[in-house]
Each structure stands twice: as structure tokens, then as C-alpha cells.
Number of protein chains: 2
Amino acid sequence: MKRITTALHIRALLSLRQRSFSSTTSPIQAKYILLTEQLRETSSLNGINGLLGWDEMVMLPSKAIQSRANQKAALAKVLYNKQTDPELGELLNTLSQSSEELTTVEQAVVREALNEYNKTTAITSELATQEAELGTTGYQAWVKARQESDWSQFAPVLEEWIDLRKSCAQLIDPSRPAYDVLLDDYEKGMSSQRLEEIFSVVKQGVIPLLADIRKSKYQPTTSWLKKEGNFDTVTQAKLCEDIAVAMGFDQEAGRLDVSVHPFTGGTHPSDVRMTTRFKEHDLTEGLTGAIHETGHALYEQGRNQTPAWQDLPINKHLSMGIHESQSLLWERMVALSPAFSYYLLPKLQQSFPESISKEKTATDLYQALNAVQHPSMIRVEADEVSYILHIILRYELESGLIDGTITTEQLPQLWNEKMEEYLGISPSNAAEGVLQDVHWGAGLFGYFPTYSLGAMYAQQIYATAELALPTLQQDIAQGEFTPLKQWLNLEVHQVGSMPVHGDELMVAVTGQPLQPKGFVKYLEDKYSQLYQL
Amino acid sequence: MKRITTALHIRALLSLRQRSFSSTTSPIQAKYILLTEQLRETSSLNGINGLLGWDEMVMLPSKAIQSRANQKAALAKVLYNKQTDPELGELLNTLSQSSEELTTVEQAVVREALNEYNKTTAITSELATQEAELGTTGYQAWVKARQESDWSQFAPVLEEWIDLRKSCAQLIDPSRPAYDVLLDDYEKGMSSQRLEEIFSVVKQGVIPLLADIRKSKYQPTTSWLKKEGNFDTVTQAKLCEDIAVAMGFDQEAGRLDVSVHPFTGGTHPSDVRMTTRFKEHDLTEGLTGAIHETGHALYEQGRNQTPAWQDLPINKHLSMGIHESQSLLWERMVALSPAFSYYLLPKLQQSFPESISKEKTATDLYQALNAVQHPSMIRVEADEVSYILHIILRYELESGLIDGTITTEQLPQLWNEKMEEYLGISPSNAAEGVLQDVHWGAGLFGYFPTYSLGAMYAQQIYATAELALPTLQQDIAQGEFTPLKQWLNLEVHQVGSMPVHGDELMVAVTGQPLQPKGFVKYLEDKYSQLYQL
């Protein structure tokens, strides 16, 4: 029964979807229905792309790497042809000029789809080819340069990327600064000007705070959560699964597996797949990682299920920053709170009786989880306070590269100077400095800021949740996460891409656009108390 | 890094494949290169289809059934458009008229692709739509009719299927009998006439043999492999994995998982995924099932790796019958042989010391594994001897339905009469009789014969292997399966779809077309000895 010829299956599947025209359907409504069919097909093909990616990270046997690359390339071509189909463009343009006949939701669908269409079709095939080639050679050059800690090997490739990205930005929207156009791919509606505004507030507060923390005589003990303990990884996985389910992860609409690099992916809001990774001598990393991914997963699973929204562009994540806000809200605001330590400690003592003594208190755990270690050279190892400074440094450098005020030649030195200025440390070589991140080698400019926007969105959203849910801290201490999850479903998840940018969502949820001062104050209050400043 | 907008990924993947034209490439060669690009893309998309299917059976969360159906439908549409593209048709027709400029392999690629193209494009969109609808309603009608054991509910749907299939066959090739055209989808080059020839020999030998076995006073003890024992399913899975690896299954080019219905699928010869299922009180079913699937998997993994063959139609399985021959060769000819019991017994005693006593001998095991139980009404539960009679019965009925000599009204009674005549038993109701198989409800006519062709091909191929590998029995007894696997790789697996039918392959491998007499003699010899006839 399994090997019936493909043609049969194909024919049997072809007419599953019926169009719902009736005699009262207007020409514009008919066009809108046609559009949604197209967009839903694209959404399904994107879902398949998600499966190919997940499977590659979790399931694929080693000899199948080439055949998987071929499969991804074949599907990419199909998607590209679909997304740049001139008939789709005509449909979108007609509909965007007839918005009076469309509902608000329909207008937003057309707006998001037209935006995507214009971006995709703006790039010439020459640039697309060049991008594909640089995608391979740029990454390889970065890997080799980092291995050998040799900036000179990477600089020429980086220059190629900068030229290419500027050309792309010019084609997409010549009226806006190139960096803003690039930002838009990850954080729609964001601009350099707004970022400068936000980051200058952050720098003013966080640089002195970090310096104070480092000078503090009080330093919490963390080794009992790390190398002193012995944490069976199967037990860790079971514990994290329990926590994910308690947070509201629906295992009938998703999976939890193990992979080398933890991530959240999947094929659809009804099929959200997250992965985790556990180390025997580090309880914190696996635990906070799993909670982080669960936050992403809840955003995906929580998307709007109204038929008018399903599988359409407005039901996508609003931006990378908002996606990150949902993971960081759970990882930092919830899991690093005193209340969560009350919930977590007995679980840890039960799961690891030999490593977590009965004498430890929730306060010990809270302090250990929130330790600001000796500032790290490496972004991905950084704590909550120094992390944002890592990001600001990268933002300042990459926006300078794009607007031409910084050359690739100057980059390593500027990197080191800013590290010294912001974090008080200076890398001893390019590998642990300017070459540490994959992003620029992969041509990603405008991506870094979303990490810290996520942290700030998370803090501001959480502060509003605390007002809306007066028993939130008690709930968390008791492991009752449903009220918070349902509030986020309603306020953030189900809103999808309806707002035109993160600030619009922030106004709707919290009453005001992103306020970096609130974030700085949160850090100051929390760490002054923790480090007795 | 994980949620970078899709457009970026798509562009980055677009130009991975470079065309290899040179100044000496002739126009026909250039067209052939174009063709292979198209066909390889289709192959990749079919591979993705394989992943969707595997994932659905093994990984998919329950709430994602609808989104997966949408994904399959979207991909089916893409594949259909690709496979019926008029430009592909022109290319194929031009190339098939210029075969003098092509190598033998290239000619076969064009032949197979053109055949597929002609079949797919022959069906009108009306028939395709009707087929898709019947695919759903027909299956549902069959499920309900079987539940209620009520033939009258299913008969009208079956008539619709018969009409539809006859119309399809008429469109594909009006010059041949409809049943032969349908057969071609599963067993290319096969005909009713040839099947009658084969089956009449089988009936003559096997019907009396089965009657003799039933009359035999000697009946082996099998309960120690079934309900009397207690076989931990994790231990069974480990044992079967060891056996699969010993048989040559390459775990770097495939996976072994558990699913409700065991099957072999995957995305590519480098990514072959089989699944198994184990029952605590039945050692035989899981064990023989796993060996059966490993046989299928070895055929897939063993496909030709020459660049001129890779991902092209000649590298597909030759037919369903040949695929089944590879699973049955390992399941029946190898695993049910006396030599294999010598290899298997100590493994069983080691894995299940409490259920398999030290006193059991390899002969006990051989006899128990080969027991011909009281003939079953149900095909899928039948033993090696009665199975083929179940198939002949179905073949005779379905070919009669298609050529009009049998009506749906007559079917239940004819079923029961033939059961009595061939197997000496008669079902008490339609559910355990004419309604037991899903095939007709799914519109599959011409599929059943491949099961028994597989058994006969397997026996004849294995007989040749025994001549070619003089130490085969000793090798098997010692768990040394590599010589047989490599011989099959060379003789069968790497030949793919190059032969125009199973008989052509049989002549190449064994020196003569399929000889049902050999199969009958094999059964007579084996079971006369086993049942002391």
C-alpha cells in the first residue's frame, strides 16, 4: 500500500480544496478569495520548508545532506516562482486599490502580502545569484577566518556583503536609509533613528550599572548548579518537559526533541516543534534554554485560529523582536523571578537529590540563577545585563558599515575599543572578538538589534501583565502559568502581524511605545538588590 | 538565526545548481541536460513528499492532521503541474525521436519519463477530480460497510470506481485490455494473459498441497514464540536493529523508528526510513516484519550511485512486485530457512532467557517459524502457502470486474465460493470476506498480483543466489549476510528500472523468465518435509 505510484496520489489530492464563490460574491471579493488561496498554498509550502529544516536538525541521517540540500533548493525555486508570480502582483495591486470593499483584516492581509511581494520581486536575478554564492563562500570564509583568528581573510567577503546589501536596499526602497530597509526584514517599521534613541538611554543606564556590579563585594555562589553537581540529562529532559507543559505547551500540537542547537520550528501553529540540549554539569543552560524555546513555541501555538486569519500573512509573527520578547518574557521575567525559584527549587531537589541539598533556599536559587558572571567576551554566554551592551556594540558597527562611516579595516580595532568602553574587557584576538558571530558572514545586517528589542519588549509587556493579573507572583510560585499564558495569547499571540510595527503593538498592549527607561530601571532595581549596590 | 525571513533563504538557495554546458555540447545533449534538471527537481519534490508521509506516520502531532493534508495538497499540485508541463512533453518527444544521439542509459531515462508523462497527461481534469472525490468517499464507504459488514453499502461505490478506472485505462491506452493498463501502474509490462499462465500453474500445485498440509497429523508447536512467552518490546527492537544492521542496513543512510503500521519510506536512497512494531506476546510478527522492511530498505539504499543514474527515473524501483521480492527474499527465503534458525536461536535465548529455554533447538525454531496455521480468512494473517491463493482469488475477481464478466452483485458469493474451493474455508460474513481489504475502496485494481509475483520472483532469484554463492547457507547460519546483500545490490538493486518488465530482469539475473513451477516445487519440497507428507 505504501508504494503506489505518485501520480495516483497527486491526482487524488488535487481537488481537495473547493472554492467558496456564491452568486452574491462581488468581483473584488472573488479576487480576495483567489488571493487567499494563493497565500495559503504558499503558507503550506513554507510549512513544508519548516519540516525540511526541523528534520535536518533532528532526524536526517548523515549521508543525506546532499539530497536534503537538493530538496530544499527545489522547494525554494517553487516558492520563489510562486511569490514572484506577476499574476499575484496584479491581484495584490488591484486589491490594495479597492480597500474600501475589504474588511480591516483583509486590508492587512493585502498590505502584508504586497509588502512581501514588492521586496521579493525588487531583487534582480543577478543579485539573487550573487547572494546565493556569497551565502556559501561568505560562510566558509568566516569559518576559516575564525578558526585561524585572521581578520584579513574575512574582510574582503564582508565588503562584498556590504555592497550587495546596499544594492538590495537601494532596489527595495531608494527613499530610505539602506540600514533601515535592511532592518525591516527582521523588525518591520523599525529605523536607525528610533534605535539610536532607545540605545542611548540604555547605554547611559547599563554601562555604569555593570561597572557597579563588577565592583560589588557580594558575589553569589553558582557552582552548585554547574560543575559541582551531576545532573542526569534524561532527568533534566523530563523536568523541562513537565515545565513546558505547565507553561502551556500543547503536546498535541507540537513536539519536544533533542538537537545539538536548540531551536523552535515546525510546520504550522498546530505543529510546533522545539528542541533542547542538556549538559550533565550545567543545570542552568538546559533549563533556561528549554523555557526560552517554550516561550517561542507558545507564541507559535497561540496564533489566531479565526478562519479569516488562518494561514494568512497577518497570522505570522510580527517581528523577530516580538518573537524574542515571548521567549525572553518566560526565560527572564518569569523564570529568573524570585517567585519562580519557589516553584522550581522543590522540583530540582526532587529530581537531583544528590546534587541539590535540602538546605538550599529559594533565595539561594534566585541569586545563583541571576549571577552576573565575570563579563564574557562572547555574546551568547553573556548575562542579562551585559548582553544588551554586546548588541549595541554590534548595532553601532554594522550600521556604520552600511552607511559608510566605518570601513572594514577599522572594524577590529573599533570592536575592541567599544568592548573596553561598554564592558570593561578587551578581546585578545579576532576569534573571540570581531569574528565571533556568524551573522555578518551570512550577510545578516539588521538582525542583531532584535535580540535586545526582544528583552525590552518583554520587560514592558510583563510589567503590564503584572498590573492586569494581580495574583501573578503567587500563581508563578505555585506553578500556575495559565493566566499569564492566556493573557499573552490574547494580547500578543493572536494579534499576529496586524500591527505595522512593534511600537504599535506596545501601545495597544501597554499603553505606550517601547520605553527603554523602564527596562533600565528594571535592571537597576533588580541588580541593586541582588548585588547590594 | 532560525527565523530569518523565508525570502532570504529562498534567494540563497536558488542558484545552487549550475548547468554543465560546454562548447562541444550538441543541441540534443543540451536538451537532455535540461531534461535531467527537470526530472531531478521532480525527484527532489517527490523526496519531500516521502518526508511528509513518513513524518505523518511517525512524528506528526494529532492536531496537525488538517495542516498536513493542506501541505500534501499544495505539494501535489506543484508536482502535478511540473509533471504535466507541456514543455516537458515537447522535450521528451524530441529526445525520444533522437535516440541515436543518446546512450542506452539516457534512452531508458527518456523512455521511463515519457511513459510517466503520457500516463499523467492522459487523464482529463474531470476524471482527476472525480478520482479525488472517490478517493475520500470510496474509502469512507468501505470503512463503514466493513464495520457494519454490509456489502450493499459498498457495491455502488465499487461500481463508480470500476467505471472510472475503465475510463482512465481507455484514455491511457485504448489498444490494450483495461486491466492490463491498470496493472502497468504497479507491475510494468505485466499482462492478464501472463498472469493467467502463472497462476494456473500455482493453483494446480498449491491447492492440493495446502489440503495435504491441513490433513497432516504432524503440527509444529508455535505457542512458545507467542502467547506463552513474554517478549519485552524494547529488547525486541534492539534485536531487530542488530539483525537489520547485520543484513546490511546502513544507519548513516537511513533511520529505524516505531510506527503503528510498519512500512519503509524515506526521501532518497541516502535517507531510507523504515518502521517496525512489536507485540509483547508475539515474537514472530515483529521479527519477520522487521526483516521484511529491511529487505525493502536494502533495495532502496542499494540503488545505483553512478552520476548518470542518480535521481532519474531509471533509478526507481522496477515494479511493486520486484520491490516485494526484495522484502520477501529476506523474510521468507532467508529468515525462514533452517540456516537462519541456527543464527537466530542463540540470539533469542540470550535476549529472552525466561521465555526461550536452552533446550529449544534450531529445528524447533525452524518448524515453529514455518507453521502453516489453520488457514485464515484474512489475507494479511496468512502463511506463505495460503497467501498466494488469497491473491489469486482477488486477481480473478478484480480482473473479472474490469473486463465485465463479473458484476458487483455476484462478488460476495463468488468470493465465498472461491475461498471454499482454494482454501477450504468460507467466511461467515462480508467483513471477514469480500470487505476485508482496503484496496478496492481506494480504487486500486491491479495491485494485488504484485504481492505474489514478489514471492515468486524472490524464490527464483534466491535459487540463483544459492548457485552463485556456494557457501550461502553456512554464511547465513553464521550471520554473515554481506555476500548475499552485495550480490543483490549488483544483480537487482543497481539495475533499477532499466529493464522493461520483471521478466526481463528475471532473464538477466536467473537466465529465464518467471517460472511458477519452481515456486511450486519449492513449496512442495519444503512443506512435504516440514509436515511429513
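What follows goes through confidence, then the sheets, then the helix contacts.

Reply: This is a predicted model, in which local features need a pLDDT of at least 70 and side-chain atom pairs count only at pLDDT 80 or more, while totals for chains, interfaces and linings use all residues. Residues are numbered from 1 along each chain as its sequence is written, and chains are lettered from A and ligands numbered from 1 in the order in which they are written.

Confidence comes first. The predictor gives the complex an ipTM of 0.92 and a pTM of 0.93. Where pLDDT is low, the predicted coordinates should not be read in detail.

Next, the sheet of chain A. Helices (H or I, at least four residues) and strands (E, at least two) are DSSP runs, numbered from the N terminus. In chain A, three strands make an open sheet ordered S1-S3-S2, with mixed pairing. Its edges are S1 (254-258) and S2 (264-268) of chain A, each pairing on one side only; strands count as paired if DSSP finds at least two bridges between them. On average, neighbouring strands of this sheet are turned by 20° against each other, direction ignored. S2(A) and S3(A) (residues 271-276) run antiparallel and are joined by four bridges. Across this pairing, A:Gly265 faces A:Arg273 in S3(A). Helix H2 of chain A (residues 27-58) packs on the sheet and touches S1, S2 and S3 of chain A, its direction making about 140° with that of S2(A). Contact here means that the C-beta atoms of two residues, placed from the backbone, lie within 7 Å. Axes are lines fitted to C-alpha atoms, for helices over the stretch in contact, and angles run from 0 to 180 degrees between N-to-C directions.

Chain B also has an open sheet of three strands, in the order S1-S3-S2 with mixed pairing. S1 (254-258) and S2 (264-268) of chain B are the edge strands, pairing on one side only. Four bridges link S2(B) to S3(B) (residues 271-276), and these two run antiparallel. B:Thr264 is placed opposite B:Met274 in S3(B). Helix H2 of chain B (residues 27-58) lies against the sheet, in contact with S1, S2 and S3 of chain B, at about 140° to the direction of S2(B).

Then the helix contacts of chain A. H15(A) (residues 384-403) and H17(A) pack at an angle of about 145°, their axes 8 Å apart. H15(A) passes H17(A) in a left-handed crossing, a label used when the near helix is turned anticlockwise from the far one by less than a right angle, with clockwise being right-handed. From H15(A), residues A:Ile388, A:Ile391, A:Arg394, A:Tyr395 and A:Glu398 meet A:Phe448, A:Pro449, A:Tyr451, A:Ser452 and A:Ala455 of H17(A). By class, this contact of H15(A) with H17(A) has seven nonpolar, one polar and two charged residues. Ala, Val, Leu, Ile, Met, Phe, Trp, Tyr, Cys and Pro count as nonpolar, Asp, Glu, Lys and Arg as charged, and the others, Gly among them, as polar.

H17(A) (residues 448-468) also comes up against H20(A) (residues 502-510): their axes come within 10 Å and cross at roughly 15°. H17(A) and H20(A) are therefore roughly parallel; angles under 35 degrees count as roughly parallel, over 145 as roughly antiparallel, 65 to 115 as roughly perpendicular and the rest as oblique. The crossing of H17(A) past H20(A) is left-handed. Residues in the contact include A:Tyr457 and A:Ile461 of H17(A) and A:Met506 and A:Val509 of H20(A). By class, the contact has five nonpolar, four polar and no charged residues.
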